Amino acid sequence: MWDPTTYLRYGDERSRPFHDLVARIPAERPRTVVDLGCGPGQLTATLAERWPTSRVLGLDSSPEMIERAGALDAPVDFTVADLRDWHPTGDEDVVVSNAALQWVPGHQELLRRWAAELPAGAWLAMQVPGNFAAPSHRALREVADLPTWRAEVAPLLRADPVDDPADYAALLTAAGCAVDAWETTYVHLLPARPAAEHPVLAWMEGTALRPVRAALDAAGWSAFRAELGVRLTAAYPVRQGQVYFPFRRVFVVARTGDRAQENL
């Protein structure tokens, strides 16, 4: 189960890659814009502001996220749906997937299929976290591999579910797209408050720790958090009242069809 409130603790930091991604889509008057894995919807609403004459759709597999999105005052159709089951209907000129595909094993095949099924000249844009080798995830895997939690938690963790920008560029170029791919490492400055939990732990509770929390009872979760918190405190020390949290992300913007190269 996703908790929109926990996910939005660092809403400004989480939203910046979305805006950087969408800024590289030069579509002027798309007929339909689709956000696959829209989460709580506040970023999807900005797509309706960017393209006010377009039909904007937001899909997410979490009923909790869609319930939160549906409460927004935005001209967006929000629907509970699994992005793995989504197929273009013919008028989707912009498709965005922000921080969602890392949860989908084999999402590379989805990208190939979408590139083939979208109309010529459509824009396919995605962003995924590329921080699975960061100290935060190394600490998570180390704690999960302790005897106390190895059987329950270790199988839930993803080693490195995303590709590098060059790999995505090659995949979509082979699918007939013109491709712009890049990576950015953001250094988030997270406030550290006295007697509060470590800010990187709070960040991870909104995403990477979600399956761990679901697998453990209350006592197990409390013990797991405590052990992980010790390691995160060592990996990300507080300096000048804040924690410096580097976070790598991978971006791709592709234009489909035979005419893509001359238009990108």
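Analyst: Buried means under 20% relative accessible area, exposed means over 50%, and partly exposed is in between, with a 1.4 Å probe and protein chains only. This is a predicted model, in which local features need pLDDT of at least 70 and side-chain atom pairs count only at pLDDT 80 or more, while totals for chains, interfaces and linings use all residues. Residues are numbered from 1 along each chain as its sequence is written, and side-chain values use heavy atoms, with hydrogens and water left out.

User: Is Ala181 buried, exposed or partly exposed?

Analyst: Ala181 is found in strand 6, residues 178–191. Helices (H or I, at least four residues) and strands (E, at least two) are DSSP runs, numbered from the N terminus. The relative accessibility of Ala181 is 28%, so this residue counts as partly exposed.

User: Which residues does Ala181 touch, not counting residues up to four places away in sequence?

Analyst: A contact means heavy atoms within 4.5 Å. From C-alpha to C-alpha, Ala181 is 9.3 Å from Asp167, which is 14 residues apart in sequence. With residues up to four places away left out, the residues that Ala181 touches are Pro165, Ala169, Phe251 and Val252.

User: What is the radius of gyration of the protein, and why does it count as compact?

Analyst: The secondary structure comes to 11 helices and 8 strands. The radius of gyration is taken over C-alpha atoms, and the globule rule is 2.2 Å times the number of residues to the power 0.38. For 264 residues that rule gives 18 Å; the protein is close to this, so it is as compact as a globular protein of that length, with a radius of gyration of 19 Å.

User: What share of the contacts with a separation of 6 or more is between residues 24 or more positions apart?

Analyst: Along its principal axes the C-alpha trace spans about 55 × 40 × 40 Å. Buried residues make up 52% of the 264 residues. Of the contacts with a separation of 6 or more, the share from residues 24 or more positions apart is 76%.

User: Is His137 buried or exposed?

Analyst: His137 lies in helix 6, residues 135–144. Not counting residues up to four places away in sequence, His137 touches Asn131, Phe132 and Ala208. Its relative accessibility is 9%, so His137 counts as buried.

User: How many Å apart in space are Gly206 and Tyr10?

Analyst: Gly206 sits in the loop between helix 8 (199–205) and helix 9 (210–215). At 5% relative accessibility, Gly206 counts as buried. In sequence Gly206 and Tyr10 are 196 residues apart, but in space, C-alpha to C-alpha, the distance is 9.0 Å.

User: Is Gln240 buried or exposed?

Analyst: The loop between strand 7 (238–239) and strand 8 (242–255) holds Gln240. Gln240 has a positive phi, near 55 degrees, in a residue other than glycine. With 68% relative accessibility, Gln240 counts as exposed.

User: What is the phi of Ala99?

Analyst: Ala99 lies in the loop between strand 4 (92–98) and helix 5 (107–117). Although Ala99 is not a glycine, its phi is positive, at about 55 degrees.
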